[in-house]
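Here are my notes on the model you sent over. Have it open on screen while you read.

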Amino acid sequence: MNPQELKNIMGSGLLSFPLTDFDANGDFDKKGYIERLEWLAPYGASALFAAGGTGEFFSLTGEEYPGVIQTAVDTCRGKVPIIAGAGGPTRFAIQCAQAAEKAGAHGILLLPHYLTEAGQDGIAAHVEAVCKSVKFGVIVYNRATSRLKPDTLARLAERNPNLVGFKDGVGDIEAMVAIYQKMGDRFAYLGGLPTAEVYAAAYKAMGTPVYSSAVFNFIPKTAMDFYNAVANDDLPTQHRLLKDFFMPYLELRNRVPGYAVSIVKAGAKIVGHDAGPVRAPLTDLKPDEVAQLAALIEKLGPAVSGAAVEREAKTKHRR
């Protein structure tokens, strides 16, 4: 897939980050990961980000990473495009990007470098080095230690034709408007704040109708329903789901730093698609918190986990 094709994929639809499956010892569970991807692929996401933030990219070793991406590409070939997460120190990010390209991924989401602060010239040099190391498309993730200003993005876009996407995980409306006004349709734009559904309508109003959903990992039908409600300006459905699920969900998620990932793994386990424990330094939800999450999911109805959809598909297959 060339960079323009990746940009087109980013232009519409819902995207998501599959969890990375670990076994009881915390090792990569390839079989479980394949089953997860096979479950999620038919639900209608425009693309899946393998080894992204929700997929615990930050905890994967250099030896594990290529296998995770290759598994995702092989499993989803012909079903849904795979965009790989890549990031960390520049040389490691380049290794990840090249491994993803070799595996057949459709592009990368360039996650922030970690810990070290840097000025605009340094961040730009980091992004450009990764872009020039591959031929496929690159989406830059604006978050944490990697926050790019409009003029910096303009210079990068001019020098790197394969930089085709911008994902915002900061939530600075003024900065986002400035970037959109500066870059126009040069980029595809993606809302990427944690639990992006809460911000989806506001981002759509700014010209960013596409976002990535973490809850797609355990309530894919509800995630698609909410996306369609935003796309169709269906405010009653949005408000109902925000009130009944997403705002109480945020209260649980915000209790402990890192729960943005942990709560998704808990949700997957509740609906029968256990991805195993999170890796340190993250911590799993406490039993009472899991019970509260289960109650929220139950209120959404019996079909939210996809069980009804799966039964219907199996029935049609037998026919």
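1. Ground rules first. This is a predicted model, so to speak of local features I need pLDDT of at least 70, and side-chain atom pairs count only at pLDDT 80 or more, while totals for chains, interfaces and linings use all residues. Residues are numbered from 1 along each chain as its sequence is written, and side-chain values use heavy atoms, with hydrogens and water left out.

2. The largest pocket comes to about 560 Å³. A pocket here is an open set of points on a 1 Å grid over the protein atoms alone, with protein on both sides within 12 Å along at least five of seven lines; lining residues have an atom within 4 Å of a point. The volume is the space filled by probe spheres set on the points, which are joined across faces, edges and corners. Of its 27 lining residues, Gly53, Thr54, Tyr141, Arg143 and Val261 lie nearest the centre.

3. What is that lining made of? It has 15 nonpolar, nine polar and three charged residues (Ala, Val, Leu, Ile, Met, Phe, Trp, Tyr, Cys and Pro count as nonpolar, Asp, Glu, Lys and Arg as charged, and the others, Gly among them, as polar). Helix α11 gives the most to the lining, three residues. β8 (211-213), α10 (235-253) and α11 (259-270) each supply at least two; helices (H or I, at least four residues) and strands (E, at least two) are DSSP runs, numbered from the N terminus.

4. There is one cavity of 30 Å³ or more, a cavity being a set of points where a 1.4 Å probe fits but cannot get out. The volume of the largest cavity is about 40 Å³. Its lining includes Gly191, Leu193, Tyr203 and Tyr211, and by class it has six nonpolar, two polar and no charged residues.

5. The structure holds 12 salt bridges, each a side-chain nitrogen of Lys or Arg within 4 Å of a carboxyl oxygen of Asp or Glu. Take a look at Glu56 and Lys265, which meet at 2.9 Å, N to O. Glu56 lies in the loop between β2 and α3 and Lys265 in helix α11, so the pair ties together parts that are 209 residues apart in sequence. Glu56 counts as buried at 0% relative accessibility, and Lys265 is buried too, at 2% (buried means under 20% relative accessible area, exposed over 50%, partly exposed in between, with a 1.4 Å probe and protein chains only).

6. Asp121 and Arg155 form a salt bridge at 3.9 Å, N to O. Here Asp121 is exposed at 62%, whereas Arg155 is partly exposed at 41%.

7. Two backbone spots to check. The peptide bond from Ala280 to Pro281 is cis, with omega near 15 degrees, and Pro281 lies in the loop between α11 and α12 (287-299). Ala51, not a glycine, has a positive phi near 55 degrees; this residue is in the loop between β2 (47-50) and α3 (65-76) and is buried at 0%.

8. Last, Leu115. Its phi is also positive, near 75 degrees, and it sits in the loop between β4 (107-110) and α5 (120-132). Leu115 is exposed, with a relative accessible area of 73%. Together with Phe58 and Tyr114, Leu115 makes a nonpolar surface patch of about 350 Å². Such patches are made of residues with over 30% relative accessible area and no salt bridge: like charges are joined within 9 Å, nonpolar side chains (Val, Leu, Ile, Met, Phe, Trp, Tyr) within 5 Å. The areas come from the Shrake-Rupley method with a 1.4 Å probe, and for residues only the protein chains shown count as cover.
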